[in-house]
Amino acid sequence: MDYSAARRNKGGLYEGLYRLVMRRNSVYVTFIVAGAFLGERAVDYGVQKLWEYNNLGKRYEDISVLGQRPTEE
């Protein structure tokens with residue numbers, strides 16, 4: 001048995017994933033919608049963490065004296 005015949009029968013990772021996802025239209029649409037949702041969540045989390053890192057000490061929550069009245073002694 002030569003290499004090309006074994007490759008055709010066995011298939012690769014991409015070919016198996018293609019067969020799994022593209023077998024039915026409903027599976028494909030579900031895969032796309034779930035991927036878009038999870039991708040959006042990942043990008044949102046990453047941008048939020050990057051924004052917090054770049055603005056550390058400049059946010060309202062980080063300034064301890066805001067909202068407090070000065071104490072008179």
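## Overall make-up

A helix here is a DSSP run of H or I with at least four residues, and helices are numbered from the N terminus. The model described is a predicted one. The chain has three helices and zero strands. Read from the N terminus, its elements follow the order α-α-α.

The chain holds 73 residues, and 5% of them are buried. The term "buried" applies to residues under 20% relative accessible area, "exposed" to those over 50%, and "partly exposed" to those in between. The chain exposes about 7,400 Å² of surface, and 59% of this area is supplied by carbon and sulfur atoms.

## The nonpolar patch

Seven side chains are named in one part of the surface: Tyr 18, Met 22, Tyr 28, Val 29, Phe 31, Ile 32 and Val 33 make a nonpolar patch of about 680 Å². Two elements, α2 (13-22) and α3 (25-54), each give two or more residues to this patch. Which helix provides the largest share of the nonpolar patch? That helix is α3, with five residues.

Phe 31 lies in helix α3. Its relative accessible area is 46%, so Phe 31 is partly exposed. Ile 32 also has its place in helix α3. Because its relative accessibility is 42%, Ile 32 counts as partly exposed. Between the C-alpha atoms of Ile 32 and Val 21 the separation is 9.6 Å, and these two residues are eleven residues apart along the chain.

## How α2 and α3 pack

How are α2 and α3 placed relative to each other, roughly parallel or roughly perpendicular? The two helices pack at an angle of about 105°, and their axes are 7 Å apart. Angles from 65 to 115 degrees count as roughly perpendicular. The helices α2 and α3 are therefore roughly perpendicular to each other. On the α2 side, the contact is made by Leu 20, Val 21 and Met 22, while α3 brings Val 27, Tyr 28 and Phe 31.

## Salt bridges

How many salt bridges does the count give? The count is two. In one of them, Glu 15 pairs with Arg 19, with 2.8 Å between the closest N and O atoms. Glu 15 and Arg 19 are four residues apart in helix α2, so about one helical turn separates them. Glu 15 is partly exposed because its relative accessibility is 34%. Arg 19 has a relative accessible area of 48%, so it is partly exposed.

Another salt bridge joins the side chains of Glu 52 and Lys 49, at 3.9 Å from N to O. The cut-off for a salt bridge is a nitrogen within 4 Å of a carboxyl oxygen, so this pair is included. Glu 52 and Lys 49 are three residues apart in helix α3, so they too are separated by about one helical turn. Glu 52 counts as partly exposed because its relative accessibility is 24%. Lys 49 has 41% relative accessibility, so it counts as partly exposed.

How values were computed:
Residues numbered from 1 in each chain as written. Predicted model: local features only at pLDDT ≥ 70, side-chain atom pairs only at ≥ 80, totals over all residues. Heavy atoms only, no water. Buried < 20%, exposed > 50% of the residue type's maximum accessible area, 1.4 Å probe, protein only. Areas by Shrake-Rupley, 256 points an atom, 1.4 Å probe, with all protein chains shown as cover. Patch = residues over 30% accessible without salt bridge, like charges linked within 9 Å, V, L, I, M, F, W, Y side chains within 5 Å. Axes fitted to C-alpha atoms, helices over the stretch in contact; angles between N-to-C directions. Parallel < 35°, antiparallel > 145°, perpendicular 65-115°, else oblique. Contact = heavy atoms within 4.5 Å.
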